[in-house]
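Here is a friendly walk through one protein model, from its backbone details to its ligand site. Please keep the sequence and the 3D view open beside you as you read.

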Amino acid sequence: MSDSDTDSPENASLRTPIVAVLGHVDHGKTSLLDQIRGSAVIEGEAGAITQHIGATAVPLDVISAIAGDLVDPDDFDLPGLLFIDTPGHHSFTTLRSRGGNLADIAILVVDVNDGFQPQTIEALDILQRSQTPFIVAANKIDTVPGWNPTDDAPIKPTYENQSDRVRGDLDERLYEIIGELSDEGFSADLYWRVQHFQRNIGVVPVSAMTGEGVPDLLTVMMGLSQRYMREEMEIDVAGPGVGTVLEVKEEKGFGATVDIVLYDGTIRTDDTIVVGGTTEPIVTDVRALLQPRPLAEIRTESRFERVEQVDAAAGIKVAAPDLADAMAGAPVRVVRDRDRDDVIEEVEAELAEIAVETEEQ
Ligand code: GDP
């Protein structure tokens, strides 16, 4: 690709929004991510699903295949959604980006049987403080007594398919959640009644077990991103990469590696990078960029496959010398043609910011 291509109005310069999943323990965060991943694998053409480290990329054409009539791909120019695989607010609060949280948007999962619980309220506080746009997934609708499931269906037809009693029972639970959101100061409604997703929180009834409502959830997330996040998704795709460390991990044959989410620019195998460390920034040269190998090939070879370059937004494992003291939640910056000391200073400033925030918590 030539440089001029990245200046074109096509989506070459638009990155994937990064999505986090929050909610009280056992309300279904992990199951919901599994369900989304599962649907994406089924709907994806061979090769359409990119394997990532620490994150799952669901491209627009796959979302469109899952969502059917709900999504017209022509309405979107964002490339899809990137879900961070580790749910929960600990990961949400430690994963910072330059401008605030690493996640651009969030899903707050609430069990329709259990309603608001302490961690639901904590998550709401965090979302409000970080001004992260979010929607509520009212999960486990399949547990309403007498529920008649249609796997993977959008919510409207499956709702119509229930008896009056079951519909009434679900309505009651959904309005309870809307009421609880209101008690916490959020104006909310069922998502199809919401006009302005910035002013009102959309509630999407789902089942992480049957996949019902998952088409709606992906549609609303995509719509919310396209409508309100698009400008922030405009990046210099070819520029030096910027990301956040998810985890520091020892890997056989590579020593200490960092799993990162890259949210701006590119990272290449010949790059020098600056990584936030426990005591000071680490300056090192990339030795390998590693992605998970497709499951079918794992038996015979290493779990990872080397790639030459990765573009934001993406999850990737970086192998490089001296990474043992790298820190989860810390920034990673590619130096490339910039002044190395400037980049070190930026990383130092970001580390200082993280230290202050950690003390405040
Ligand atoms: P997390 O702690 O929020 O990640 O919750 P999990 O995803 O681990 O789910 C907790 C339990 O609830 C597990 O036993 C799941 O199988 C179950 N569960 C999650 N979502 C659903 C759902 O939509 N329907 C039903 N029936 N069970 C669910």
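## Backbone details

A313 sits in the loop between β17 (309-311) and β18 (314-319); helices (H or I, at least four residues) and strands (E, at least two) are DSSP runs, numbered from the N terminus. The peptide bond that joins A312 and A313 is cis, with omega of about -10°.

Before going further, a word on the model: it is predicted, so local features need pLDDT of at least 70 and side-chain atom pairs count only at pLDDT 80 or more, while totals for chains, interfaces and linings use all residues. Residues are numbered from 1 along each chain as its sequence is written, and side-chain values use heavy atoms, with hydrogens and water left out.

Two aspartates also deserve a look. D26 has a phi near 75°, a positive value in a residue other than glycine. You will find D26 in the loop between β1 (18-23) and α2. With 63% relative accessibility, D26 counts as exposed (buried means under 20% relative accessible area, exposed over 50%, partly exposed in between, using a 1.4 Å probe and protein chains only). For D322, phi is near 70°, again a positive value in a residue other than glycine. D322 belongs to the loop between β18 and β19, and D322 is exposed too, at a relative accessible area of 59%.

From L78 to G68 the C-alpha to C-alpha distance is 18 Å, for ten residues of sequence.

## The ligand site

Which residues are closest to the ligand? They are D26, K29, T30, S31 and D142, out of 15 residues that surround the ligand (a residue is near a molecule or strand if one of its heavy atoms lies within 4 Å of it). Helix α2 gives the most to the shell around the ligand, with three residues.

Several polar contacts can be picked out, a polar contact being a pair of N or O atoms within 3.5 Å; within protein, one must be able to donate a hydrogen and the other to accept it, and residues adjacent in sequence count only if both atoms are side-chain atoms. An oxygen atom of the ligand lies 2.8 Å from an N or O atom in the side chain of K29. For the side chain of K140, the distance from a ligand oxygen to an N or O atom is 3.0 Å. G28 takes part through a polar backbone atom, 3.0 Å from an oxygen atom of the ligand. On its own the ligand has 580 Å² of accessible area, and the protein covers 73% of it (Shrake-Rupley method with a 1.4 Å probe; for residues, only the protein chains shown count as cover).

## Salt bridges

Side chains of opposite charge can pair when their charged atoms come close. The structure holds 18 salt bridges, each a side-chain nitrogen of Lys or Arg within 4 Å of a carboxyl oxygen of Asp or Glu. Three of them are listed here.

| Salt bridge | Distance, N to O |
|---|---|
| D34 and R37 | 2.5 Å |
| R37 and D85 | 2.8 Å |
| R230 and E234 | 2.8 Å |

R37 meets D85 in a salt bridge, and this pair links distant parts of the chain: R37 is in helix α2, D85 is in the loop between β3 (80-84) and α4 (89-94), and 48 residues separate them. Why are D34 and R37 about one helical turn apart? Because they are three residues apart in helix α2 (residues 29-43). D34 is partly exposed at a relative accessible area of 41%, R37 is partly exposed at 27%, and D85 is partly exposed at 26%. R230 is partly exposed with 23%, as is E234 with 46%.

Elsewhere, salt bridges link E247, K249, E251, D259, R303 and K317 in a network.

## The open sheet

Strands of a sheet pair through backbone hydrogen bonds, either parallel or antiparallel. Here eight strands form an open sheet with antiparallel pairing, in the order β14-β13-β19-β10-β11-β18-β15-β16; two strands pair if DSSP finds at least two bridges between them. At the edges are β14 (282-285) and β16 (304-307), each pairing on one side only. From one strand to the next, the twist averages 40° (axes are lines fitted to C-alpha atoms, for helices over the stretch in contact, and angles run from 0 to 180 degrees between N-to-C directions).

Within this sheet, strand β10 (residues 242-251) and strand β19 (residues 331-334) run antiparallel and are joined by three bridges. G243 stands opposite V332 in β19.
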